[in-house]
Amino acid sequence: MKDESKTKKQLIKELLQLRLRNTELEVKETLRKQTSKVEKWTKDLFRDLVENTNDLIHTLAPDGCFLYANKAWLKTLGYQRSDIRNLSVANIIHPGSRKHCSNIFRHLLAGREVGRFEAELITKKGRKLVVEVNSHCKFMNG
């Protein structure tokens, strides 16, 4: 039906429907922007919590190379952020804990839960450090 053949009542109804649809789209866009802001705030909050906790937190690649270490980890083990690019978890495990940690790492890579365990680490200066570890494995992109 062409606009010329529509009644005034039909055109008003159509205009109201278009205005309603426009309002719906504006509301959706506002919600999308707010959601994006909340997601960024949440991400920043968690990054701040992880970076500033006293717990030692790190992430590893499947080959054992470090991807990330928080401030507490770096300070406690005596490393700089730039050092971890060249480190593997094997570099910081005390020889007395290597077999145990290697078994746990294999369990994690197999997707099994390991719970808490103790491990002996070696600081950059060679000092032995006993830690309680709570490990989880998260697979990303396969």
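A residue counts as buried under 20% relative accessible area, as exposed over 50% and as partly exposed in between, with a 1.4 Å probe and protein chains only. The model is predicted, with local features needing pLDDT of at least 70 and side-chain atom pairs pLDDT 80 or more, while totals for chains, interfaces and linings use all residues. Residues are numbered from 1 along each chain as its sequence is written, and side-chain values use heavy atoms, without hydrogens or water.

Strands here are DSSP runs of E with at least two residues, and helices are runs of H or I with at least four, numbered from the N terminus. β4 pairs with β3 (residues 116-122) in the antiparallel sense over seven bridges, where pairing requires that DSSP finds at least two bridges between the strands. Within this pair, leucine 121 stands opposite leucine 129 of β4, and in the hairpin, which has five residues between the strands, glycine 126 takes a positive phi near 90°.

Both strands, β3 and β4, are among the elements that each supply at least two residues to the lining of the largest pocket, although the largest share, seven residues, comes from α4; the range of α4 is 98-109.

Elsewhere, tryptophan 41 lies in helix α1 (residues 8-52), and this residue counts as exposed because its relative accessibility is 57%.
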